[in-house]
Amino acid sequence: MATVSKHDVAGRYCVIDDESAFLEVARARLSHYLPGLTGSFTSEPSDALKMASTNPRILYIIDVRLGAQNGIDLFNDIARISPRARVIFITGDTAFIDDENMREKALSRGGIDFIEKPVKWHELAIKIQNHLKLIEYQFDLEEKVQERTQMLIHADRLATIGTMVSSIVHEVNSPLTFIKANQETILLMLKQIRAECGNVENRHLIDKTIVPSLNDSIKGVRQIEDLLKSFRRFYKQEKTLTAIDIMAIIEDVRTLTLYNIRKQSIVFTITNRSREALEVWGNKQELIQAVTNIVNNAIDAFEGSAVKTKRIEMTLEKNKDHLVMTISNNGPKIPQHIADNIFEPFFTTKSEEKGTGLGLVIVRQIMKGMGGDIMMRNKDDDRQVVEFICTIPLYRERKRGK
Ligand SMILES: Nc1ncnc2c1ncn2[C@@H]1O[C@H](COP(=O)(O)OP(=O)(O)OP(=O)(O)O)[C@@H](O)[C@H]1O
Ligand SMILES: [Mg+2]
């Protein structure tokens with residue numbers, strides 16, 4: 001199972017000084033001023049190097065004079081292992097304090113500060129806290145940028161599929177148009193032949209076999225047309241926002257997911273409890289994409305399940321000025337440790353070919369973009385179901401509120 005990368009707990013610092021008396025005071029004072037942070041105190045440069053290779057989020061506080069070794073050189077070694085490590089240098093050496101070149105050298109290589117002995121511990125504690133916050137912030141930003149980049153790559157791949165689908169739709173549509181025209185002409189001519197036909201057997205053949213088969217194939221062509229129309233609506237790169245009739249969206253989603261619904265013999269029901277047209281404001285394609293993602297997840301949930309009658313139910317209702325759309329399935333309930341992560345980017349319990357773990361992240365983004373949200377709950381009353389509940393402001397109410 002691929003899970004979201006969660007970093008180690010923040011708030012670690014490491015003090016390195018060759019004077020054991022200084023280290024003892026540092027341990028006592030910093031632990032006192034920074035009770036929530038984990039500090040390491042060592043006189044061994046090798047300990048610091050070990051830490052650098054296991055946790056890049058540590059802030060180092062290093063004495064410039066480390067017995068035989070120079071603190072600046074030690075930090076260079078640390079930075080080679082952990083390039084984003086940061087350091088505050090400490091020195092009681094007046095030669096260093098007066099040497100501008102040395103100070104510049106210290107601050108130019110990942111050094112963010114240097115302080116003089118005797119150390120003002122409370123001040124150092126505040127600096128450690130501030131710098132650790134900045135380090136955390138930098139890491140979080142980098143992680144977000146990485147996530148977003150992955151999402152963009154995924155979106156780009158989808159856009160490529162969209163272009164391919166558009167050309168397939170176009171190519172299929174042209175022959176379909178003349179197949180349909182021919183079918184209608186044949187039906188019309190057949191009716192004329194039937195009217196003029198004196199042979200009872202042939203008339204029977206026309207009525208009982210030819211016309212019903214032709215009508216079946218006309219129906220089949222219409223189904224393909226509907227599917228192509230749904231595809232076209234879904235992949236049309238439109239950025240426009242409009243009032244959207246939610247039932248029309250659901251019909252498109254039904255068409256787009258019909259194959260898998262039938263393949264798994266799922267009973268798919270749609271109920272509009274409000275008994276009125278429900279309109280929301282947003283981008284049609286995005287909404288189709290969001291609802292399709294939820295329905296596809298519900299279909300996937302039945303994989304390997306022993307449920308006798310597989311059901312997916314979509315319920316629409318009005319709650320004050322919001323549409324509440326619930327998509328539920330009677331597949332296995334989602335255990336808490338999975339439920340806690342389903343809206344995290346790249347969290348998936350599916351195989352690599354099957355899931356990227358972006359579906360629900362995109363759904364939530366789309367819902368939030370429409371001023372709504374989505375939540376999940378395991379319902380466990382008379383029968384067990386997994387529910388995804390989308391709440392979106394209704395268009396009419398929005399207009400009225402303006
Ligand atoms: N209806 C559901 N029943 C059970 N588990 C679900 C359901 N919907 C989502 N999940 C869980 O949430 C996880 C994340 O879903 P999400 O749609 O974000 O990604 P995915 O389906 O794994 O991959 P994809 O990016 O292809 O959609 C799923 O892997 C699954 O474990
Ligand atoms: Mg999914």
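Which helix supplies the largest share of the shell around ligand 1? The answer is H9, with three residues. Keep in mind that this is a predicted model.

Let's stay at the ligand. There are 18 residues around ligand 1. Asn-297, Thr-348, Thr-349, Lys-350 and Thr-356 come nearest. Two helices each supply at least two residues of the shell: H9, residues 284–301, and H11, residues 359–369.

Now the polar contacts. Take Lys-350 first. One of its polar side-chain atoms lies 2.6 Å from an oxygen atom of ligand 1. Next, Gly-357. Here a backbone N or O atom lies 3.0 Å from a ligand oxygen. Then Leu-358. A polar backbone atom of Leu-358 is 2.9 Å from an oxygen atom of ligand 1. How much of the ligand does the protein cover? On its own, ligand 1 has 600 Å² of accessible area, and the protein covers 89% of it.

Next, helix H1. It runs from residue 20 to residue 33, so look there on the model. H1 has 14 residues. From first C-alpha to last, H1 reaches 20 Å, close to the 20 Å expected at 1.5 Å a residue. Which residues of H1 are buried? They are Phe-22, Leu-23, Ala-26 and Leu-30. Looking down the axis of H1, these buried residues fall within an arc of 95°, so they line one face of the helix. Ser-20, Ala-21 and His-32 sit on the other side of H1, and they are exposed.

The loop between strand S7 (111–116) and H6 holds Pro-118. The peptide bond from Lys-117 to Pro-118 is cis, with omega near 0°.

Now helix H5, residues 100–108. Asp-99 caps its N-terminal end. A side-chain oxygen of Asp-99 lies 3.0 Å from the backbone nitrogen of Asn-101. Just after H5 comes Gly-110, with a positive phi of about 80°.

One is Lys-320, at about 50°. Lys-320 is in the loop between strand S11 (311–319) and strand S12 (322–329). Buried or exposed? Lys-320 has 74% relative accessibility, so it counts as exposed, the cut-off being over 50%.

The other is Phe-346, with phi at about 70°. Phe-346 is in the loop between helix H10 (336–339) and H11. H11, remember, is one of the helices that supply residues to the ligand shell. Phe-346 has a relative accessible area of 24%, so it is partly exposed.

Last stop, Thr-326, in strand S12. Thr-326 has 9% relative accessibility. That is under the 20% cut-off, so Thr-326 counts as buried. What does Thr-326 contact, leaving aside its neighbours within four places in sequence? Glu-313, Met-314 and Thr-315 are among its contacts. Glu-387, Phe-388 and Ile-389 are too.

To recap. H9 gives three residues to the ligand shell. Lys-350 has a side-chain polar atom 2.6 Å from a ligand oxygen. The buried residues of H1 line one face of the helix. And the bond from Lys-117 to Pro-118 is cis.

Conventions. Residues are numbered from 1 along each chain as its sequence is written. Chains are lettered from A and ligands numbered from 1 in the order in which they are written. Side-chain values use heavy atoms; hydrogens and water are left out. Helices (H or I, at least four residues) and strands (E, at least two) are DSSP runs, numbered from the N terminus. The expected span of a helix is 1.5 Å times one less than its number of residues. Buried means under 20% relative accessible area, exposed over 50%, partly exposed in between (1.4 Å probe, protein chains only). The arc is that of the directions from the helix axis to the C-beta atoms. A residue is near a molecule or strand if one of its heavy atoms lies within 4 Å of it. A polar contact is a pair of N or O atoms within 3.5 Å; within protein, one must be able to donate a hydrogen and the other to accept it, and residues adjacent in sequence count only if both atoms are side-chain atoms. Accessible areas come from the Shrake-Rupley method with a 1.4 Å probe; for residues, only the protein chains shown count as cover. Contact means heavy atoms within 4.5 Å.
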